[in-house]
Amino acid sequence: MRVNGTDYRSIWDQDGQVKIIDQRWLPHEFRTVGIDSRDEFATAIRDMWVRGAPLIGVTAAYGIAREMGRDSSDAALQAAYETFDATRPTAINLRWALDRARAELMPLAPVDRAEAALALARRMADEDVECNRMIGVHGLELIREIAAKKPEGEPVRLLTHCNAGWLATVDWGTATSPMFHAKNAGIAVHVWVDETRPRNQGGLTAWELGAHGVPHTYITDNAGGHLMQEGMVDLVITGTDRTTAQGDVCNKIGTYLKALAAKDNGVPFYVGLPSSTIDWTVRDGLKEIPIEDRSGREVTHIQGTLEDGSIGCVRVTPEGTEGGNPAFDVTPARLITGLITEHGVCDASTEGLASLFPERSA
Ligand SMILES: CSC[C@H]1O[C@H](OP(=O)(O)O)[C@H](O)[C@@H]1O
(Lines give C-alpha, C1' and ligand atoms only; values in the text may rest on other atoms or scores of the structure.)
Protein backbone atom coordinates (compact mmCIF):
# COMPACT_ATOMS: atom_id res chain seq x y z
CA MET A 1 0.00 0.00 0.00
CA ARG A 2 1.05 3.59 -0.51
CA VAL A 3 2.81 5.38 2.36
CA ASN A 4 3.78 8.99 1.75
CA GLY A 5 3.71 8.39 -1.99
CA THR A 6 5.76 5.17 -1.88
CA ASP A 7 4.29 1.69 -2.37
CA TYR A 8 5.18 -0.70 0.46
CA ARG A 9 4.54 -4.27 1.39
CA SER A 10 4.71 -5.15 5.08
CA ILE A 11 7.71 -7.43 4.38
CA TRP A 12 10.10 -7.66 1.44
CA ASP A 13 13.65 -8.66 0.55
CA GLN A 14 16.16 -6.40 -1.14
CA ASP A 15 19.94 -6.51 -1.61
CA GLY A 16 20.16 -9.76 0.30
CA GLN A 17 18.28 -8.39 3.33
CA VAL A 18 14.79 -9.05 4.66
CA LYS A 19 13.07 -5.81 5.60
CA ILE A 20 9.87 -5.28 7.59
CA ILE A 21 7.71 -2.40 8.67
CA ASP A 22 8.32 -2.38 12.44
CA GLN A 23 4.75 -2.13 13.67
CA ARG A 24 5.71 -1.51 17.30
CA TRP A 25 5.99 2.21 16.53
CA LEU A 26 2.90 2.65 14.36
CA PRO A 27 0.67 4.60 14.11
CA HIS A 28 3.01 7.14 15.68
CA GLU A 29 6.15 6.55 13.62
CA PHE A 30 6.80 4.71 10.38
CA ARG A 31 9.99 2.71 10.76
CA THR A 32 11.44 -0.09 8.65
CA VAL A 33 14.11 -2.46 9.89
CA GLY A 34 16.16 -5.38 8.57
CA ILE A 35 15.97 -8.72 10.38
CA ASP A 36 18.38 -11.56 9.80
CA SER A 37 19.24 -14.04 12.55
CA ARG A 38 16.93 -16.81 13.70
CA ASP A 39 16.51 -15.02 17.03
CA GLU A 40 15.72 -11.71 15.33
CA PHE A 41 12.97 -13.34 13.28
CA ALA A 42 11.61 -15.12 16.35
CA THR A 43 11.65 -11.90 18.36
CA ALA A 44 9.99 -9.96 15.55
CA ILE A 45 7.09 -12.44 15.50
CA ARG A 46 6.80 -13.02 19.26
CA ASP A 47 7.05 -9.33 20.19
CA MET A 48 4.81 -8.27 17.31
CA TRP A 49 7.20 -6.17 15.30
CA VAL A 50 5.22 -7.98 12.59
CA ARG A 51 1.78 -9.36 13.36
CA GLY A 52 -1.34 -10.73 11.76
CA ALA A 53 -1.82 -14.36 10.78
CA PRO A 54 -0.79 -14.22 7.10
CA LEU A 55 2.15 -11.92 7.76
CA ILE A 56 3.69 -13.97 10.55
CA GLY A 57 3.50 -17.02 8.30
CA VAL A 58 5.35 -15.27 5.47
CA THR A 59 7.84 -13.81 7.97
CA ALA A 60 8.63 -17.30 9.24
CA ALA A 61 9.16 -18.46 5.65
CA TYR A 62 11.66 -15.65 5.13
CA GLY A 63 13.28 -16.59 8.43
CA ILE A 64 13.75 -20.15 7.20
CA ALA A 65 15.29 -18.76 4.00
CA ARG A 66 17.80 -16.64 5.89
CA GLU A 67 18.69 -19.58 8.12
CA MET A 68 19.24 -21.85 5.09
CA GLY A 69 21.68 -19.27 3.80
CA ARG A 70 23.76 -19.77 6.92
CA ASP A 71 23.27 -23.49 7.57
CA SER A 72 21.18 -25.65 5.23
CA SER A 73 21.51 -28.86 7.22
CA ASP A 74 18.51 -30.94 8.27
CA ALA A 75 19.22 -30.01 11.88
CA ALA A 76 19.24 -26.29 11.11
CA LEU A 77 15.99 -26.54 9.18
CA GLN A 78 14.32 -28.43 12.04
CA ALA A 79 15.71 -26.04 14.65
CA ALA A 80 14.43 -23.01 12.76
CA TYR A 81 11.03 -24.70 12.33
CA GLU A 82 10.76 -25.33 16.06
CA THR A 83 12.01 -21.86 17.06
CA PHE A 84 9.49 -20.05 14.87
CA ASP A 85 6.66 -22.47 15.64
CA ALA A 86 7.05 -21.69 19.35
CA THR A 87 6.66 -17.92 18.94
CA ARG A 88 2.85 -17.61 18.76
CA PRO A 89 0.36 -20.50 19.11
CA THR A 90 -2.95 -19.29 17.69
CA ALA A 91 -2.58 -18.16 14.08
CA ILE A 92 -2.54 -21.28 11.90
CA ASN A 93 -0.66 -19.53 9.09
CA LEU A 94 2.55 -19.79 11.10
CA ARG A 95 2.34 -23.58 11.27
CA TRP A 96 1.02 -23.75 7.69
CA ALA A 97 3.99 -21.78 6.35
CA LEU A 98 6.52 -23.76 8.36
CA ASP A 99 5.03 -27.11 7.31
CA ARG A 100 5.03 -26.00 3.69
CA ALA A 101 8.65 -24.85 3.87
CA ARG A 102 9.86 -28.00 5.58
CA ALA A 103 7.97 -30.24 3.15
CA GLU A 104 9.45 -28.41 0.16
CA LEU A 105 13.01 -28.10 1.49
CA MET A 106 13.69 -31.31 3.38
CA PRO A 107 13.71 -33.48 0.20
CA LEU A 108 16.24 -31.17 -1.45
CA ALA A 109 19.99 -31.50 -1.27
CA PRO A 110 21.17 -29.02 1.40
CA VAL A 111 23.14 -27.12 -1.22
CA ASP A 112 19.89 -26.29 -3.02
CA ARG A 113 17.86 -25.24 0.00
CA ALA A 114 18.81 -21.58 0.41
CA GLU A 115 17.76 -20.57 -3.09
CA ALA A 116 14.62 -22.71 -2.93
CA ALA A 117 13.67 -21.30 0.46
CA LEU A 118 13.95 -17.70 -0.71
CA ALA A 119 11.93 -18.49 -3.81
CA LEU A 120 9.26 -20.10 -1.63
CA ALA A 121 9.07 -17.14 0.75
CA ARG A 122 8.69 -14.77 -2.20
CA ARG A 123 6.01 -17.05 -3.69
CA MET A 124 4.09 -17.16 -0.41
CA ALA A 125 4.23 -13.37 -0.21
CA ASP A 126 2.95 -12.97 -3.76
CA GLU A 127 0.22 -15.59 -3.17
CA ASP A 128 -0.89 -13.74 -0.04
CA VAL A 129 -1.17 -10.47 -1.95
CA GLU A 130 -3.28 -12.08 -4.67
CA CYS A 131 -5.50 -13.94 -2.18
CA ASN A 132 -6.18 -10.72 -0.31
CA ARG A 133 -6.83 -8.83 -3.50
CA MET A 134 -9.46 -11.43 -4.41
CA ILE A 135 -10.99 -11.22 -0.93
CA GLY A 136 -11.44 -7.56 -1.74
CA VAL A 137 -13.02 -8.33 -5.11
CA HIS A 138 -15.53 -10.72 -3.55
CA GLY A 139 -16.15 -8.58 -0.47
CA LEU A 140 -16.75 -5.53 -2.63
CA GLU A 141 -19.91 -7.17 -3.99
CA LEU A 142 -21.36 -7.37 -0.47
CA ILE A 143 -20.70 -3.67 0.01
CA ARG A 144 -22.07 -2.85 -3.43
CA GLU A 145 -25.32 -4.70 -2.66
CA ILE A 146 -25.81 -2.65 0.52
CA ALA A 147 -24.89 0.60 -1.25
CA ALA A 148 -27.50 -0.08 -3.94
CA LYS A 149 -30.24 0.07 -1.30
CA LYS A 150 -29.10 3.43 0.07
CA PRO A 151 -29.76 6.98 -1.13
CA GLU A 152 -27.07 8.18 -3.58
CA GLY A 153 -23.87 9.05 -1.75
CA GLU A 154 -24.97 7.79 1.66
CA PRO A 155 -22.05 5.74 2.96
CA VAL A 156 -22.14 2.04 3.74
CA ARG A 157 -21.23 1.90 7.41
CA LEU A 158 -18.79 -0.85 8.24
CA LEU A 159 -17.38 -1.90 11.59
CA THR A 160 -14.12 -3.76 11.99
CA HIS A 161 -12.17 -5.10 14.96
CA CYS A 162 -8.40 -5.10 15.40
CA ASN A 163 -6.20 -4.76 12.34
CA ALA A 164 -6.89 -7.25 9.60
CA GLY A 165 -5.31 -4.79 7.23
CA TRP A 166 -2.39 -4.79 4.88
CA LEU A 167 -0.17 -4.54 7.99
CA ALA A 168 -1.52 -7.94 9.08
CA THR A 169 -0.78 -9.45 5.69
CA VAL A 170 1.73 -8.78 2.94
CA ASP A 171 -0.65 -6.35 1.25
CA TRP A 172 -4.34 -5.38 0.90
CA GLY A 173 -5.36 -7.01 4.21
CA THR A 174 -8.31 -9.35 4.59
CA ALA A 175 -11.10 -7.40 6.32
CA THR A 176 -9.78 -4.13 4.89
CA SER A 177 -9.39 -5.33 1.31
CA PRO A 178 -13.13 -4.91 0.52
CA MET A 179 -12.94 -1.45 2.08
CA PHE A 180 -10.01 -0.40 -0.12
CA HIS A 181 -11.75 -1.90 -3.18
CA ALA A 182 -14.95 0.00 -2.35
CA LYS A 183 -12.98 3.25 -2.10
CA ASN A 184 -11.26 2.51 -5.40
CA ALA A 185 -14.68 1.74 -6.98
CA GLY A 186 -16.08 5.08 -5.80
CA ILE A 187 -18.55 3.51 -3.36
CA ALA A 188 -19.02 5.68 -0.26
CA VAL A 189 -18.09 3.85 2.95
CA HIS A 190 -17.49 4.88 6.53
CA VAL A 191 -15.63 2.54 8.86
CA TRP A 192 -16.11 2.32 12.61
CA VAL A 193 -12.68 1.22 13.81
CA ASP A 194 -12.56 -0.61 17.14
CA GLU A 195 -9.55 0.58 19.13
CA THR A 196 -9.03 -3.07 20.13
CA ARG A 197 -7.51 -3.11 23.56
CA PRO A 198 -5.02 -3.89 24.86
CA ARG A 199 -2.56 -3.25 22.01
CA ASN A 200 -4.89 -0.93 20.10
CA GLN A 201 -4.34 -2.44 16.69
CA GLY A 202 -7.29 -0.28 15.67
CA GLY A 203 -4.72 2.50 15.48
CA LEU A 204 -3.05 0.57 12.68
CA THR A 205 -6.35 0.24 10.84
CA ALA A 206 -7.03 3.95 11.27
CA TRP A 207 -3.54 4.70 9.96
CA GLU A 208 -4.10 2.50 6.89
CA LEU A 209 -7.58 3.85 6.14
CA GLY A 210 -6.40 7.42 6.59
CA ALA A 211 -3.48 6.89 4.23
CA HIS A 212 -5.91 5.52 1.63
CA GLY A 213 -8.52 8.25 2.13
CA VAL A 214 -11.19 5.97 3.58
CA PRO A 215 -13.46 7.86 6.02
CA HIS A 216 -13.43 6.29 9.47
CA THR A 217 -14.05 6.93 13.15
CA TYR A 218 -11.98 5.40 15.95
CA ILE A 219 -14.24 4.06 18.69
CA THR A 220 -13.93 2.25 21.98
CA ASP A 221 -14.34 -1.50 21.89
CA ASN A 222 -17.48 -1.14 23.98
CA ALA A 223 -19.25 1.25 21.58
CA GLY A 224 -19.92 -1.22 18.76
CA GLY A 225 -22.98 -2.85 20.33
CA HIS A 226 -24.58 0.54 20.95
CA LEU A 227 -23.92 1.65 17.36
CA MET A 228 -25.58 -1.52 16.10
CA GLN A 229 -28.60 -0.96 18.37
CA GLU A 230 -28.85 2.58 16.94
CA GLY A 231 -28.89 1.19 13.40
CA MET A 232 -25.52 2.81 12.60
CA VAL A 233 -23.76 -0.31 11.31
CA ASP A 234 -24.63 -1.96 8.00
CA LEU A 235 -21.95 -4.64 7.97
CA VAL A 236 -19.25 -6.02 10.26
CA ILE A 237 -16.10 -7.44 8.66
CA THR A 238 -13.25 -8.85 10.74
CA GLY A 239 -10.20 -10.98 10.10
CA THR A 240 -9.33 -14.33 11.60
CA ASP A 241 -6.24 -16.09 12.84
CA ARG A 242 -7.61 -19.57 12.52
CA THR A 243 -10.88 -20.77 11.00
CA THR A 244 -12.04 -24.32 11.59
CA ALA A 245 -13.40 -26.80 9.08
CA GLN A 246 -16.92 -26.10 10.38
CA GLY A 247 -16.54 -22.32 10.15
CA ASP A 248 -15.72 -21.30 13.73
CA VAL A 249 -13.44 -18.26 13.75
CA CYS A 250 -10.64 -17.50 16.19
CA ASN A 251 -9.75 -13.83 16.08
CA LYS A 252 -8.60 -10.97 18.28
CA ILE A 253 -10.16 -10.85 21.73
CA GLY A 254 -13.48 -9.05 21.59
CA THR A 255 -14.53 -10.40 18.19
CA TYR A 256 -16.98 -12.81 19.82
CA LEU A 257 -18.69 -9.93 21.63
CA LYS A 258 -19.11 -8.02 18.36
CA ALA A 259 -20.59 -11.10 16.73
CA LEU A 260 -23.09 -11.47 19.59
CA ALA A 261 -24.12 -7.83 19.22
CA ALA A 262 -24.41 -8.22 15.46
CA LYS A 263 -26.59 -11.30 15.81
CA ASP A 264 -28.81 -9.58 18.35
CA ASN A 265 -29.28 -6.60 16.04
CA GLY A 266 -29.57 -8.39 12.71
CA VAL A 267 -26.31 -6.91 11.40
CA PRO A 268 -24.47 -9.09 8.83
CA PHE A 269 -21.19 -10.36 10.32
CA TYR A 270 -18.57 -11.47 7.78
CA VAL A 271 -15.01 -12.68 8.14
CA GLY A 272 -12.36 -12.13 5.50
CA LEU A 273 -9.77 -14.87 5.21
CA PRO A 274 -7.31 -16.46 2.81
CA SER A 275 -7.50 -20.26 2.70
CA SER A 276 -4.10 -20.35 4.45
CA THR A 277 -6.00 -19.39 7.60
CA ILE A 278 -8.29 -22.42 7.50
CA ASP A 279 -7.25 -25.26 9.79
CA TRP A 280 -8.89 -28.25 8.15
CA THR A 281 -7.77 -30.52 11.01
CA VAL A 282 -9.88 -28.68 13.58
CA ARG A 283 -13.65 -28.58 13.83
CA ASP A 284 -14.66 -27.20 17.23
CA GLY A 285 -12.76 -23.95 17.69
CA LEU A 286 -13.73 -23.54 21.33
CA LYS A 287 -12.33 -26.94 22.26
CA GLU A 288 -9.37 -27.23 19.91
CA ILE A 289 -7.76 -23.83 19.19
CA PRO A 290 -5.00 -22.74 21.63
CA ILE A 291 -5.58 -19.18 22.82
CA GLU A 292 -2.40 -17.18 23.23
CA ASP A 293 -2.00 -15.65 26.69
CA ARG A 294 0.16 -12.54 26.46
CA SER A 295 1.87 -10.43 29.12
CA GLY A 296 -0.44 -8.64 31.53
CA ARG A 297 1.73 -5.56 31.06
CA GLU A 298 0.07 -5.10 27.66
CA VAL A 299 -3.16 -4.46 29.62
CA THR A 300 -1.82 -2.46 32.57
CA HIS A 301 0.27 -0.18 30.36
CA ILE A 302 -0.40 1.61 27.09
CA GLN A 303 1.93 3.16 24.51
CA GLY A 304 1.40 6.45 22.75
CA THR A 305 2.86 9.79 21.80
CA LEU A 306 3.75 11.83 24.89
CA GLU A 307 3.36 15.61 25.25
CA ASP A 308 6.96 16.13 24.16
CA GLY A 309 6.30 14.17 20.93
CA SER A 310 8.29 11.11 21.96
CA ILE A 311 6.74 7.64 22.07
CA GLY A 312 6.28 6.44 25.60
CA CYS A 313 4.41 3.99 27.77
CA VAL A 314 2.27 4.78 30.79
CA ARG A 315 0.68 2.60 33.46
CA VAL A 316 -3.12 2.89 33.51
CA THR A 317 -3.70 0.77 36.63
CA PRO A 318 -2.71 1.03 40.28
CA GLU A 319 0.83 -0.08 41.03
CA GLY A 320 0.84 -3.80 41.65
CA THR A 321 -2.41 -4.60 39.84
CA GLU A 322 -1.97 -7.68 37.68
CA GLY A 323 -3.25 -7.68 34.07
CA GLY A 324 -5.03 -10.62 32.40
CA ASN A 325 -4.49 -10.84 28.66
CA PRO A 326 -6.04 -13.64 26.58
CA ALA A 327 -5.21 -12.41 23.06
CA PHE A 328 -7.96 -14.17 21.08
CA ASP A 329 -11.44 -15.57 21.37
CA VAL A 330 -13.54 -17.96 19.30
CA THR A 331 -16.71 -16.94 17.48
CA PRO A 332 -18.88 -19.98 16.78
CA ALA A 333 -20.00 -20.39 13.17
CA ARG A 334 -23.66 -19.89 14.20
CA LEU A 335 -22.91 -16.20 14.81
CA ILE A 336 -21.20 -15.67 11.44
CA THR A 337 -23.15 -14.66 8.32
CA GLY A 338 -20.44 -15.67 5.89
CA LEU A 339 -16.78 -16.13 5.05
CA ILE A 340 -15.13 -14.03 2.34
CA THR A 341 -12.30 -16.05 0.82
CA GLU A 342 -10.13 -15.69 -2.28
CA HIS A 343 -12.43 -18.21 -3.97
CA GLY A 344 -15.65 -16.38 -3.12
CA VAL A 345 -18.15 -15.98 -0.28
CA CYS A 346 -19.63 -18.95 1.54
CA ASP A 347 -21.62 -19.85 4.61
CA ALA A 348 -19.61 -20.37 7.79
CA SER A 349 -20.18 -24.11 7.72
CA THR A 350 -18.67 -27.41 6.62
CA GLU A 351 -20.89 -27.35 3.56
CA GLY A 352 -20.10 -23.73 2.79
CA LEU A 353 -16.36 -24.32 2.89
CA ALA A 354 -16.75 -27.52 0.88
CA SER A 355 -18.54 -25.54 -1.83
CA LEU A 356 -15.47 -23.33 -2.29
CA PHE A 357 -12.83 -25.94 -1.51
CA PRO A 358 -14.23 -29.23 -2.90
CA GLU A 359 -10.79 -30.81 -2.81
CA ARG A 360 -10.93 -30.55 0.98
CA SER A 361 -14.27 -32.27 1.37
CA ALA A 362 -13.19 -35.51 -0.36
C1 LIG B 1 -5.45 -10.98 8.72
S2 LIG B 1 -5.12 -11.74 10.22
C3 LIG B 1 -5.33 -10.41 11.29
C4 LIG B 1 -5.60 -10.85 12.68
O5 LIG B 1 -4.38 -10.98 13.43
C6 LIG B 1 -4.48 -10.14 14.55
O7 LIG B 1 -3.87 -10.63 15.69
P8 LIG B 1 -2.45 -10.01 16.17
O9 LIG B 1 -2.52 -8.52 15.97
O10 LIG B 1 -2.36 -10.43 17.62
O11 LIG B 1 -1.40 -10.67 15.31
C12 LIG B 1 -5.97 -9.99 14.79
O13 LIG B 1 -6.53 -11.15 15.36
C14 LIG B 1 -6.41 -9.80 13.38
O15 LIG B 1 -7.79 -9.96 13.13
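## Notebook: a look through a predicted model

I began with Asp241, which I found in the loop between strand 9 (235-238) and strand 10; helices (H or I, at least four residues) and strands (E, at least two) are DSSP runs, numbered from the N terminus. Before going further I noted that this is a predicted model, in which local features need pLDDT of at least 70 and side-chain atom pairs count only at pLDDT 80 or more, while totals for chains, interfaces and linings use all residues. I also noted that residues are numbered from 1 along each chain as its sequence is written.

**Entry on Asp241**

I looked up the record for this residue, and the UniProt annotation "active site", from an unreviewed entry, covers Asp241; UniProt positions are given in the numbering used here, feature names are shortened, and annotations may be inferred rather than shown by experiment. Is Asp241 buried or exposed? I found that Asp241 is buried, with 31 other C-beta atoms within 10 Å; a residue is buried if 20 or more other C-beta atoms lie within 10 Å of its own, exposed if 12 or fewer, and partly exposed in between, with C-beta atoms placed from the backbone. Leaving aside neighbours within four places in sequence, I listed the contacts of Asp241 as Ala53, Thr90, Ala91, Cys250, Asn251, Thr277 and Phe328, where two residues are in contact if their C-beta atoms, placed from the backbone, lie within 7 Å.

**Entry on the two domains**

I then turned to the domain assignment, which gives domain 1 (2-127) and domain 2 (135-361); such bounds come from an automatic or database domain assignment. The centres of the two domains, taken over C-alpha atoms, are separated by 24 Å, and 27 residues of domain 1 are in contact with 27 residues of domain 2. On the side of domain 1 that touches domain 2, the elements that give two or more residues are strand 1 (2-3), helix 2 and helix 4. Helix 2 gives the most to that side, with five residues.

**Entry on the core**

Which residues touch the most other members of the largest nonpolar core? I found that they are Val58, Ala61, Ala117 and Ala121, in a core of 98 residues; a nonpolar core is a set of buried Ala, Val, Leu, Ile, Met, Phe, Trp, Tyr and Cys residues joined through C-beta atoms within 7 Å. Helix 5 gives the most to this core, with 13 residues. Domain 1 and domain 2 both give residues to the core, so it lies between them. Not counting residues up to four places away in sequence, I saw that Ala61 touches Ala97, Ala101, Leu120, Ala121 and Met124.

**Entry on helix 4**

I checked the length of helix 4 (residues 92-105), whose 14 residues should span 20 Å at 1.5 Å a residue, and its end C-alpha atoms are 20 Å apart, which agrees; the expected span is 1.5 Å times one less than the number of residues. Among the buried residues of helix 4 I noted Trp96, Ala97 and Ala101. The buried residues of this helix pack against helix 2 (53-70), helix 3 (74-85), helix 5 (110-148), strand 10 (242-244) and strand 13 (278-279).

**Entry on Ile146**

Beyond four places in sequence, Ile146 touches Val156, Asp234 and Leu235.

Strand 3 (residues 11-14) and strand 4 (residues 17-21) pair in the antiparallel sense over four bridges, and two strands are said to pair if DSSP finds at least two bridges between them. I saw that these two strands form a hairpin with two residues between them, and that Asp15 in the turn has a positive phi of about 50 degrees. Strand 4 also pairs with strand 5 (residues 32-35) in the antiparallel sense over four bridges, and there Ile20 stands opposite Val33 in strand 5.

Most residues other than glycine have a negative phi, and most peptide bonds are trans. I found a cis peptide bond joining Leu26 and Pro27, with omega about 5 degrees, and Pro27 is in the loop between strand 4 and strand 5. Another cis peptide bond joins Arg197 and Pro198, again with omega about 5 degrees. Cys162 has a positive phi near 65 degrees, and with 29 C-beta neighbours inside 10 Å this residue counts as buried.
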